[in-house]
Amino acid sequence: MPESLDNLVQGTADWRKVIRSNNRKTFFVIGLFILIYAAIGVLVDMYLYTERFPQATSSDIFHALITLQLFPLVTLIMIGVAAISLLVTFSFHDKLMLMGTEYREITPESAQGRNEQQLYNVVEEMKIAAGLNYMPRVYIIDADYMNAFASGYSEKSAMVAITRGLIQKLNRDELQAVMAHELSHVRHMDIKLTLMASILANLILIVLDIFFYNAIFSRRSNEERSGNGLLTIIIILRYVLPVINILLLLYLSRTREYMADAGCVQLTRNNQALASALLKINNDHAENQTAYNAAYQQTPHENVRREAYIFDPIQAGIESASGLTDMFSTHPSLKDRLSALGFKDGSK
């Protein structure tokens, strides 16, 4: 990857087309998560009613459930749990996203020095450009690595957090581009959508785990277990759905990053500043890989912020926490993001 824009050929990018295309992809993924979640609830209800009415066929029970002749208890409980989980997550989103870091809020009164005052001014400018009705809360995280993220389930609850390393190493235009990217996340309701998808994905796996182990360790005979088609489906889903969830979440995350990049160009009318900022952030992580790897590893709950960051440190070789999702980058490659912004590798 080139270290600067000097090695790239600048072209044009249709940011309006990018936003329209990725909006369709986002609603498809969210709709698919909701459909899977509802289907799991119905499947578990069918499994339980099959136990109660062994003489009934699966199709009879399914028809009775969707026509409400049988009460879909598990499905309704899952909806209630999802609603409560979303409410709690939305209520404490700022504390969840900042936990484990050393941070402080920046206001016109609390800003210390030129950099912090400039940061607040830039966020305010981009808030006006984005047409937001409320000024996001601005936080500085005391960290040397360069990164930033946005959070909030609505304009009123929005916040942006920027590491001290980022505001010290970017010029004003680049900082403005990063803030335009983050406020595009707020304007596009990205945080609300990704939180919803993550909660549904986790609840799906929790419900499947409960009934998987209940079925495996039930006292029924092996003959009864082997003849139960619903049990077979639950066992298969127990191993297949985690992979599907990961792929859908990664697809959603990468889609939202392309949208935020396009939103930045829409707000600033400048594709060069964001491209330059992304290259600086990538190169800074590569040059300080050992030190930043230790910093990320020693900061608790980095996995909570990783998807929201403007730059996924795993792309620069920074080791992530253990877990299947950490084997893959949550962001498009830098080359693909630069290409979407209209910059091609001029060395070829």
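Modeller: Helices (H or I, at least four residues) and strands (E, at least two) are DSSP runs, numbered from the N terminus. Axes are lines fitted to C-alpha atoms, for helices over the stretch in contact, and angles run from 0 to 180 degrees between N-to-C directions. The model is predicted, so local features need pLDDT of at least 70 and side-chain atom pairs pLDDT 80 or more, while totals for chains, interfaces and linings use all residues. Residues are numbered from 1 along each chain as its sequence is written, and side-chain values use heavy atoms, with hydrogens and water left out.

Biologist: How are H7 and H11 oriented to each other?

Modeller: Helix H7 (residues 172–187) and helix H11 (residues 271–287) have axes 8 Å apart and pack at about 95°. Angles under 35 degrees count as roughly parallel, over 145 as roughly antiparallel, 65 to 115 as roughly perpendicular and the rest as oblique. H7 and H11 are therefore roughly perpendicular.

Biologist: Which residues of H12 make the contact with H11?

Modeller: Helix H12 (residues 289–298) packs against H11 at about 95°, with the axes 5 Å apart. Contact means heavy atoms within 4.5 Å. From H11 come Asp 284, His 285, Ala 286 and Glu 287, and they meet, in H12, Gln 289, Tyr 292 and Tyr 296.

Biologist: Which residue in E5 stands opposite Tyr 139?

Modeller: Strand E3 (residues 137–141) runs parallel to E5, and five bridges join them. Opposite Tyr 139 in this sheet stands Ala 161.

Biologist: Is Thr 163 buried or exposed?

Modeller: Thr 163 belongs to strand E5 (residues 159–163). Buried means under 20% relative accessible area, exposed over 50%, and partly exposed in between (1.4 Å probe, protein chains only). Because its relative accessibility is 1%, Thr 163 counts as buried.

Biologist: How many Å lie between the backbone oxygen of Tyr 145 and a polar atom of the side chain of Thr 163?

Modeller: Leaving aside residues up to four places away in sequence, Thr 163 touches Ile 141, Ala 143, Tyr 145, Met 146 and Asn 147. For Tyr 145, the distance from the backbone oxygen to a polar side-chain atom of Thr 163 is 2.5 Å.

Definitions and conventions. A polar contact is a pair of N or O atoms within 3.5 Å; within protein, one must be able to donate a hydrogen and the other to accept it, and residues adjacent in sequence count only if both atoms are side-chain atoms. Two strands pair if DSSP finds at least two bridges between them.
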